[in-house]
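Here is a short briefing on one protein model for a reader who has not seen it before. Please look over the sequence and the structure before reading on.

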Amino acid sequence: MQDAFELWTMDLLGHGVILAAEKRLAKPSVGNIQRQVDTIGSLAGRRVVYVATALASYERKRLIEQKVPFIVPGNQLYLPDLGIDLREYFRKRQSDAELLLSPSTQALLIRGLLRSTWSSRWYPSETMIELGYTAMTLSRAVRELNASGLASVDRDGRRTYLEMSDTARATWERARPLMRNPVKRTVWTLTTANLAGLPARLAGQSALAQYTLISPPQIPVYAVHMAAWRDFGRQLVPVPEPMPGATEWQLWSYSPFLQEDSKTVDVLSLILSLQDSADDRLQLAIDELTEQLPC
């Protein structure tokens, strides 16, 4: 526990509590925070409050659902045992959408994080060619990654490269609050066609079932780039809602083919596509999948 947290004691409204402040280099996953807080509380015999420098909206939502007390200094204080839920919202100069990575930059970063051999130095032009993006898109993506602090830009002769100061997993944890759900829209169709060869991959719970013990859904789920859907989606018979014999299609803002030699969408985009689900079974499976990510 001391490797994961700095522990402090304090008196709060007449109650003795322990503050468990996360260490930046060892930030626990949302799924582990409740277990760790409960363990510290049982050992110390006191209320424990989790302290984080920042929390993404999905992380706050999960902690509140689990009734885990937490403090984000200067932003939010949630103490359900004491009936306190104080939130302060600041006027933002930029909208939330402007603070997020663009879909092409997100796809580029995910492809870089999933390289089979990890290296802090990374030549994004090679990845952009594989993804079919233009030089203009590459320049914008490099600027976004540099401005976000996820990577620094340098040159090796005429070639531009990105230098990452963290490991792949640490970079992913830092980037995750800046990333979008890749699913723009969901549609259902009746289809008896052979899906082999179509520009689609297993997604959603269908993909999650390939990596965890969760059962596959009765209606299969596939992801397809919105541009590709315009070509073959018209050949399918749409239905207004899920029904027996239907197929669910997630229309993505970028290619679902970021992970090579796979029948499913990449694991990082899969996590992003499911993280706002209210289904506890899916959230537990996502936590299990997160623990499988490379260091």
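Which contact joins the side chains of Glu22 and Thr53? A polar contact of 3.4 Å joins them. A polar contact is a pair of N or O atoms within 3.5 Å; within protein, one must be able to donate a hydrogen and the other to accept it, and residues adjacent in sequence count only if both atoms are side-chain atoms.

This is a predicted model, in which local features need pLDDT of at least 70 and side-chain atom pairs count only at pLDDT 80 or more, while totals for chains, interfaces and linings use all residues. Residues are numbered from 1 along each chain as its sequence is written, and side-chain values use heavy atoms, with hydrogens and water left out.

**Confidence**
- The average pLDDT (the predictor's confidence in each residue, from 0 to 100) is 84 for the protein, and 91% of the residues score at least 70.
- Over residues 90-96 pLDDT stays under 50, and the model has 3 contacts (heavy atoms within 4.5 Å) beyond four places in sequence for them.

**Glu22**
- Glu22 is part of strand 2 (residues 15-22); helices (H or I, at least four residues) and strands (E, at least two) are DSSP runs, numbered from the N terminus.
- Glu22 counts as buried because its relative accessibility is 13%, where buried means under 20% relative accessible area, exposed over 50%, and partly exposed in between (1.4 Å probe, protein chains only).
- The side chain of Glu22 also makes a polar contact of 2.6 Å with the side chain of Tyr50.

**Nonpolar cores**
- A nonpolar core is a set of buried Ala, Val, Leu, Ile, Met, Phe, Trp, Tyr and Cys residues joined through side-chain atoms within 4.5 Å.
- The largest such core has 55 residues, and Leu109, Trp172 and Met179 are among those with the most contacts inside it.
- Helix 10 (residues 267-274) gives the most to this core, with 6 residues.
- A second, separate core has 16 residues, including Ala4, Leu55, Leu63 and Val68.
- Beyond its neighbours within four places in sequence, Leu109 touches residues including Trp122, Leu145, Met164 and Met179.

- An open sheet with mixed pairing is formed by 5 strands in the order 11-12-14-10-13; two strands pair if DSSP finds at least two bridges between them.
- Strand 11 and strand 13 (237-239) each have a single partner strand, so one side of each is left without a neighbour in the sheet.
- Strand 12 and strand 14 run parallel and are joined by 5 bridges.
- Helix 8 packs on this sheet, touching strand 11, strand 12 and strand 14, and its direction makes about 55 degrees with that of strand 11; axes are lines fitted to C-alpha atoms, for helices over the stretch in contact, and angles run from 0 to 180 degrees between N-to-C directions.
- In helix 8 (residues 204-211), 6 of the 8 residues are buried, among them Gln205, Ser206 and Leu208.

- Another open sheet has 3 strands in the order 7-9-8, with antiparallel pairing.
- Strand 7 (121-122) and strand 8 (152-156) are its edge strands, each pairing on one side only.
- Strand 8 is joined by 5 bridges to strand 9 (residues 159-163), where Glu163 is the bridge partner of Ser152.
- Helix 5 (residues 124-131) packs on the sheet, touching strand 7 and strand 9.
- Helix 6 (residues 135-147) lies across strand 7, strand 8 and strand 9, at about 130 degrees to strand 8.
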